[in-house]
Amino acid sequence: GFARVCITPERPVWLYGYAGKWRFRPYEGVFDDLFATAMAIQSGDGEPAVLITADLCVLRKPEAEQLCKRLMEKTGLKRRQILLNWSHTHSGPMIGTSDTNRYPISEADLAETKAYTSWLWEKLADVAAAALADLAPARLRWGVGEIDFVMNRRRFDSDGKYKGMGPNPDGPVDRTVPVLCIEAPDGKVRGVVFGVSCHAVTLGSKWNKLSGDFPSYARKYIERELPGVTSLFVQNCGADANPEPRSTANQDEIVQKQGEQLGAEVCRVAAGPLEAIRGPLRTAYETVSLPLQPAPSARQLAELAEGPFWQSHNARRICDAQTRGEPLPTHYAAPLALWQFGNDLTLVAISGEVVCDYVPLVRDALGTEQVWVAGYSNEVFGYLPSARIVGEGGYETLGLVSAHIGWFAAETEQVLLDAVRGMRRSVQ
């Protein structure tokens, strides 16, 4: 079953994604409307599950808990039957209050954000219930394409030291485009779920209009080319990748072209030979205790606190906590979800801004290519680096933001992979 709802705010609110003076005010126009889309799925006499995708940037822990409580109240589903994935558009509205301590937002504007968040929770609950009410017989097929505008964004100097963000054509990326087609028994396509591993930031930091960025235009293209189809975009593991080009003088044109390029690739895959996906569908959900790095020495913290944001943010918060005599956390409880479709496909949904390394890492851990690895799922607490990136340093080692403190340790990678293997065994 499918359902969609427009989630464009009724009044302008602050956007989220870029922290700069150009964004320290409500948005100044709607470039394209935002939407949330739900797909409900149930195999045989098994339990239903719902995937909700939305043109939003982040979902911190307090807001995730509030939203899922409302979804469960509205639908009667258990937490493991709900999967959330945000597109990570940097031109979507701020939701909740978890990050407002980092922004000079006025009380009046904060009240608008709170009102929008409450309104949004009801819209998302309604769209989940509507998708469940739309359940009808279907068959699933899947394939994988590729897109070329995805570019690694981690730059290094001649000594191999991280020097900031920018296009790095030699860096690793995941350019795959997984595509899941949902067909009626007569073969007519009813829905398409597709994904890519890339920040939705074609529209740059000085842009202050509401937009779903390139994923929005990919959906529009698909639904124009395949009339009657509902499409859902899933953000995969693009924490260390940006679209290229981006933030140009003609970014309003580029964002549409990139979206249409992605949409065309999805349509190409959907029209070609696809592999059958059978049931039963089994879902699993748990929180995984991910290890954090020990606090550096006082001298090191003082140096880090004067460094770039990816170093200073947690350094200053750790110093403040130590001054207050508060214990520092050693782990972070991160959501992890897994949907198993018979023996044909495993959807692994990792929380946080997940770097591209986790796509091959998860496939190798499960010993199969029939895996879809999504990031930005259920909660976005900050960046989730791999062991390689922890060793290299740089922005994607930023770690936890919002109300939480800490940098992830290199051991996080193995802990997460062990959890994925365990969850896969639990549903087989």
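Which residues lie nearest the centre of the second largest pocket? In this predicted model, the answer is Ile41, Gln42, Ser43, Ala138 and Leu140, out of 20 residues that line the second largest pocket. The space inside the second largest pocket comes to about 310 Å³. Two strands, β3 (35-41) and β7 (139-146), each contribute at least two residues to the lining of the second largest pocket, and β3 gives the most, with three residues. Sorted by class, the lining of the second largest pocket holds 13 nonpolar, four polar and three charged residues.

The largest pocket comes next. About 590 Å³ of space lies within the largest pocket. Its lining is made up of 30 residues, and Gly17, His90, Met165, Tyr383 and Tyr395 are the closest to the centre. Strands β8 (150-152) and β14 (241-243) are the elements that give two or more residues to the lining of the largest pocket. In terms of class, 16 nonpolar, eight polar and six charged residues line the largest pocket.

Four cavities of 30 Å³ or more were counted. The largest cavity contains about 120 Å³ of space, and of the 15 residues that line the largest cavity, Leu51, Val193, Val234, Leu347 and Trp372 sit closest to its centre. Several strands take part here: β5 (82-86), β17 (331-341), β18 (345-350) and β20 (371-374) each supply at least two residues of the lining of the largest cavity. Of the elements, β18 gives the most to the lining of the largest cavity, with three residues. The lining of the largest cavity includes no charged residues, and divides into 13 nonpolar and two polar.

The second largest cavity has a volume of about 110 Å³. Its lining consists of 15 residues, with Tyr16, Val58, Met94, Ile95 and Asp99 nearest the centre.

The axes of helix α5 (residues 298-305) and helix α6 (residues 309-323) come within 7 Å and cross at roughly 135 degrees. Because of that angle, α5 counts as oblique to α6. The α5 and α6 crossing is left-handed. On the α5 side, the contact is made by Leu301, Leu304 and Ala305, which meet Gln311, Ser312, Ala315, Arg316, Ile318, Cys319 and Gln322 of α6. The contact of α5 with α6 is formed by six nonpolar, three polar and one charged residue.

Another helix pair is α7 and α9. The axes of helix α7 (residues 358-366) and helix α9 (residues 412-427) come within 10 Å, crossing at roughly 45 degrees. With this angle, α7 is therefore oblique to α9. The crossing of α7 and α9 is right-handed, whereas that of α5 and α6 is left-handed. Residues Tyr358, Leu361, Val362, Ala365 and Leu366 of α7 meet Thr412, Glu413, Leu416, Leu417, Val420, Arg421 and Arg424 of α9. By class, the contact of α7 with α9 comprises eight nonpolar, one polar and three charged residues.

Terms used
Residues numbered from 1 in each chain as written. Predicted model: local features only at pLDDT ≥ 70, side-chain atom pairs only at ≥ 80, totals over all residues. Heavy atoms only, no water. 1 Å grid on protein atoms, 1.4 Å probe; cavity = no way out; pocket = protein on both sides within 12 Å on 5 of 7 lines; lining within 4 Å. Points joined across faces, edges and corners; volume = space filled by probe spheres on them. Helix = DSSP H or I, 4+ residues; strand = E, 2+ residues; numbered from the N terminus. Nonpolar A, V, L, I, M, F, W, Y, C, P; charged D, E, K, R; others polar. Axes fitted to C-alpha atoms, helices over the stretch in contact; angles between N-to-C directions. Parallel < 35°, antiparallel > 145°, perpendicular 65-115°, else oblique. Left-handed = near helix turned anticlockwise from the far one by under 90°. Contact = heavy atoms within 4.5 Å.
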